[in-house]
Amino acid sequence: MKKKRGIGLEKFLELTQEVQKSLANHSVPVEIPEDSFIIPKEKALPDFDQPEEALYNEWLATNVFEQKQKGFYAIKIKLPLGNIQAETARQLVAKLEGYVADDFRISISQGIILKFARKEYLPYIYQVLSSLNLAHPGSDSIIDITACPGTDTCNLGVTDSTSIAQILEDLIYKEYNHLVKDSEIKIKISGCMNSCGQHMIANIGFHGSSIKHGKLVIPALQVVIGGGVDETGKGFVADKVIKLPTKRIPDTVRTLLNDYEENGNETEYFNDYYARQGKKYFYDLLKPYANLETITDDDYKDWGETDNFIPEIGTGECAGVTYDMVGTIINDASERLEKAKEALKQGYFADSIYHSYSSQVIGAKALLLSKDVKCNTHIGIIKDFTTYFYENGEVDFGKNFEEKVLKINDNEPTEAFAKSYLKQADEFFSIVIAIRKSQIENGNLDKEVLNPYRA
């Protein structure tokens with residue numbers, strides 16, 4: 001079967017034109033100030049001890065690169081787990097003021113990038129970073145593992161992503177130090193499937209999971225392979241390969257790296273090697289680690305824990321929730337409605353209209369989910385709501401729900417339309433509340449899930 005592709009540029013532009021009328025601004029002037037970036041003027045260096053040559057050269061090779069602006073260099077600071085203390089950050093700014101640009105960048109790998117450093121300043125900058133414990137080599141390389149907070153602070157975290165990240169970094173630095181200069185392999189870890197640790201765009205990625213084993217549960221990580229961007233800029237989403245106990249992940253990484261070094265071509269990008277061997281090859285390669293007949297008492301404990309693993313999931317730092325999902329989404333629709341009212345008061349008519357639109361779509365989504373109907377796109381939600389709530393007569397909100405909601409595309413953002421559209425959204429929200437109350441009462445569900453949204 002032919003794989004379904006995107007809608008294409010022409011259709012995308014056509015859909016863009018359909019919503020142009022509803023926009024408050026049809027064009028926006030872009031002004032780039034002359035001083036959009038300021039190159040620091042030359043500045044005398046203070047007295048400082050010259051760095052140890054071997055460590056300095058390793059840092060130069062992995063953390064420093066020349067900018068497009070000839071004669072200037074950017075410095076990547078590797079932050080373990082993306083953490084930096086406030087006092088350390090203050091000292092960093094104070095000691096490097098005038099030696100790098102005064103704006104720092106935060107990288108996707110949880111690090112910091114300094115810009116516009118002159119070549120002769122690099123030894124001093126290294127000494128400053130070293131004194132602050134910020135001169136770790138291998139930024140944005142295989143040893144620079146991205147990890148979300150996991151079970152440290154997030155209730156959605158299934159397993160401890162930070163501890164295993166530190167263990168793997170230490171393992172690679174000690175056993176595969178020659179790969180520290182290899183920035184082509186990225187390892188990323190998430191404590192759950194939501195990918196806050198970006199595991200699906202990693203060459204080697206992991207996300208938190210669990211394995212039921214008799215009456216006990218084993219903390220596990222789903223192994224994903226083949227994500228990221230290759231040398232041509234082509235992007236890949238990783239494949240789910242196998243789920244393994246967390247305590248076996250260090251050996252898993254050893255096996256993957258050893259296999260790549262033994263069987264991959266010298267110039268072969270890791271993802272090309274993965275594609276050449278195929279998913280089944282890697283499944284078979286790692287399958288021995290999934291053998292539960294060899295489970296030990298230690299396998300029931302997550303990294304950094306002394307007690308047996310107990311899966312406990314609650315409200316997380318990201319968008320997922322595990323309590324009354326429908327009630328939570330209705331609450332979101334209520335918040336959008338309040339934003340629409342506030343924007344109308346302040347004269348932001350386009351904003352008010354958009355919030356009214358969002359309230360209706362989100363409210364429809366909540367009711368669809370109450371019937372276990374999967375919701376993906378806005379237009380899909382609107383059409384499915386007609387199918388599941390109009391055709392059986394459960395909702396009476398005019399003859400055509402799609403037409404009523406999509407009036408946003410046919411009207412300019414005037415005050416009159418903003419008022420009438422808000423009134424429509426308010427009426428629809430009342431219908432959503434009434435239906436949800438009826439569902440709860442007829443289903444003998446906990447009435448507390450109605451709070452805190454409006455009765």
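Start by selecting Glu-58: leaving aside neighbours within four places in sequence, Glu-58 is in contact (heavy atoms within 4.5 Å) with Pro-137, Tyr-173 and Asn-177. The model is predicted, so to speak of local features pLDDT of at least 70 is needed, side-chain atom pairs count only at pLDDT 80 or more, and totals for chains, interfaces and linings use all residues. Residues are numbered from 1 along each chain as its sequence is written, and side-chain values use heavy atoms, with hydrogens and water left out.

Glu-58 lies in helix α2, residues 53-63. Helices (H or I, at least four residues) and strands (E, at least two) are DSSP runs, numbered from the N terminus. With a relative accessibility of 16%, Glu-58 counts as buried; buried means under 20% relative accessible area, exposed over 50%, and partly exposed in between, with a 1.4 Å probe and protein chains only.

Now zoom out to the protein chain. Its secondary structure comes to 13 helices and 11 strands, and its C-alpha trace spans about 75 × 65 × 45 Å along the principal axes. Of the 455 residues, 44% count as buried. Among contacts with a separation of 6 or more, 64% are between residues 24 or more positions apart.

Next, select α10 (residues 349-370) and α11 (residues 378-390). Their axes come within 9 Å and cross at roughly 55 degrees. Axes are lines fitted to C-alpha atoms, for helices over the stretch in contact, and angles run from 0 to 180 degrees between N-to-C directions. The two helices are therefore oblique to each other; under 35 degrees would count as roughly parallel, over 145 as roughly antiparallel, 65 to 115 as roughly perpendicular, and the rest as oblique.

To display the contact, show Tyr-357, Val-361, Ala-364, Lys-365, Leu-367, Leu-368 and Ser-370 of α10, with His-378, Ile-381, Ile-382, Asp-384, Phe-385, Tyr-388 and Phe-389 of α11.

Keep Phe-385 selected. Leaving aside neighbours within four places in sequence, Phe-385 is in contact with Ala-364, Leu-367, Leu-368, Tyr-390, Val-395, Phe-401 and Phe-428. In the largest nonpolar core, of 37 residues, Phe-385 and Phe-401 touch the most other members. A nonpolar core is a set of buried Ala, Val, Leu, Ile, Met, Phe, Trp, Tyr and Cys residues joined through side-chain atoms within 4.5 Å. At least two residues of this core come from each of α9 (325-345), α10, α11, α12 (401-405) and α13 (415-443). The largest share, 10 residues, is supplied by α13.

Finally, select Ile-185, Ile-189, Ile-204 and Tyr-274, which are among the members of a second, separate core of 33 residues.
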